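Good morning, everyone, and thank you for making time for this. Please bring up the sequence and the structure, and we will go through a few places together.

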Amino acid sequence: MTTDLLDRKLERAFAHLDADDNGVIDEKDMIALGSRLLTALSEPADSPKAAEVFRGLTDFWVDLFNELGVGQDQKLTPVQYRDGMTRLYKDGGPAYDRSFRPMMKAILTVVDTNGDGHISPEEFHKAQLAFDTRLEPAAADTLFARIDKNHDGYLSVDELLDAVREYYTGDDEDAPGNLLFGEL
């Protein structure tokens, strides 16, 4: 069972994944997401980081399809996506650590464009553009500050992974991660 908050967050996430805006997500949408991220963050498509991103997206996709027993069309509707995400990841469990966290860690490694182990506000803004969040710069700055738990002016991969976990699994109305893709 999901909460209204989690449902709204998963609906927003679905919209970001549905790259061709046809009401379903499929393998083409996952490839488009990876390509959009790499382009926005100036990561060469043939780099080891890019390979890790696509491997992470594929593992996530396979886990989700296996959980749902998706048929021949290999497409997910918003309801299927919400149900699969909730069953696999809501409580964190082994599936989260097996496929979702590694995918997000690979993506965040690409977001760290200079490889210094921290996400700067500029890198964070680029990632927001890649996810097509349409956040105004001031809103992105506010979100960045809320996620930056130690207030050092950078986001560690762990801080962002915590925010991602809050977004995809949490039902705390006040969690900073809820704003990962903008106001709900």
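This is a predicted model: local features need pLDDT of at least 70, side-chain atom pairs count only at pLDDT 80 or more; totals for chains, interfaces and linings use all residues.

Let me begin with a term: a residue is called buried when its relative accessible area is under 20%, exposed when that area is over 50%, and partly exposed in between, with a 1.4 Å probe and protein chains only. Residues are numbered from 1 along each chain as its sequence is written, and side-chain values use heavy atoms, with hydrogens and water left out.

I will start with the charged pairs. A salt bridge here is a side-chain nitrogen of Lys or Arg within 4 Å of a carboxyl oxygen of Asp or Glu, and the structure holds eight of these salt bridges. One of them joins D83 to R82, with the closest N and O atoms 3.1 Å apart. With a relative accessibility of 28%, D83 counts as partly exposed, and R82 is partly exposed too, at 27%. These two residues belong to a network of salt bridges that also takes in D7.

Another salt bridge is formed by E52 and R55, whose closest N and O atoms are 2.7 Å apart. Both residues lie in helix α3, which covers residues 48-68, and they are three residues apart, about one turn of the helix. E52 is partly exposed at 37% relative accessibility, and R55 is partly exposed at 44%.

Which parts of the chain does the pair of D97 and R165 link? The side chains of D97 and R165 meet in a salt bridge at 3.7 Å, N to O, and the pair links distant parts of the chain, with D97 in helix α5 (residues 93-111) and R165 in helix α8 (residues 157-169), 68 residues apart. D97 has a relative accessible area of 48% and is partly exposed, and R165, at 30%, is partly exposed as well.

Let us turn to the aromatic rings. Rings of Phe, Tyr and Trp (its six-membered ring) pair if their centres lie within 6.5 Å, and planes under 30 degrees apart count as stacked, over 60 as edge-to-face and the rest as tilted. A search of the whole structure finds seven aromatic pairs. In one of them, the rings of F131 and F181 have centres 5.5 Å apart and planes at 50 degrees, so the pair is tilted. F131 lies in the loop between α6 and α7 while F181 lies in the segment after α8, so this pair ties together parts that are 50 residues apart in sequence. F131 is buried at 13% relative accessibility, and F181 is buried at 6%. Ring pairs also link F60, F100, F131, Y167, Y168 and F181 into a cluster.

Two packed helices are described by the angle between their axes and the distance between the axes. The axes are lines fitted to C-alpha atoms, for helices over the stretch in contact, and the angles run from 0 to 180 degrees between N-to-C directions. Helix α6 (residues 121-130) packs against helix α7 (residues 137-147) at an angle of about 120 degrees, with the axes 10 Å apart. Taking contact to mean heavy atoms within 4.5 Å, P121, F124, H125 and Q128 of α6 meet P137, A140, D141, L143, F144 and I147 of α7.

Finally, a word about backbone angles and one loop. Most residues other than glycine have a negative phi, and most peptide bonds are trans. R134, in the loop between α6 and α7, has a positive phi near 60 degrees, and R134 is exposed, with a relative accessible area of 69%. H151 also has a positive phi, near 55 degrees, and H151 lies in the loop between α7 and β2 (155-156), where it is exposed at 65%.

Is D148, by contrast, buried or exposed? D148 is placed in the loop between α7 and β2, and D148 counts as buried at 4% relative accessibility. Leaving aside residues up to four places away in sequence, D148 touches G153, Y154, L155 and E159.

Note on methods: Helices (H or I, at least four residues) and strands (E, at least two) are DSSP runs, numbered from the N terminus.
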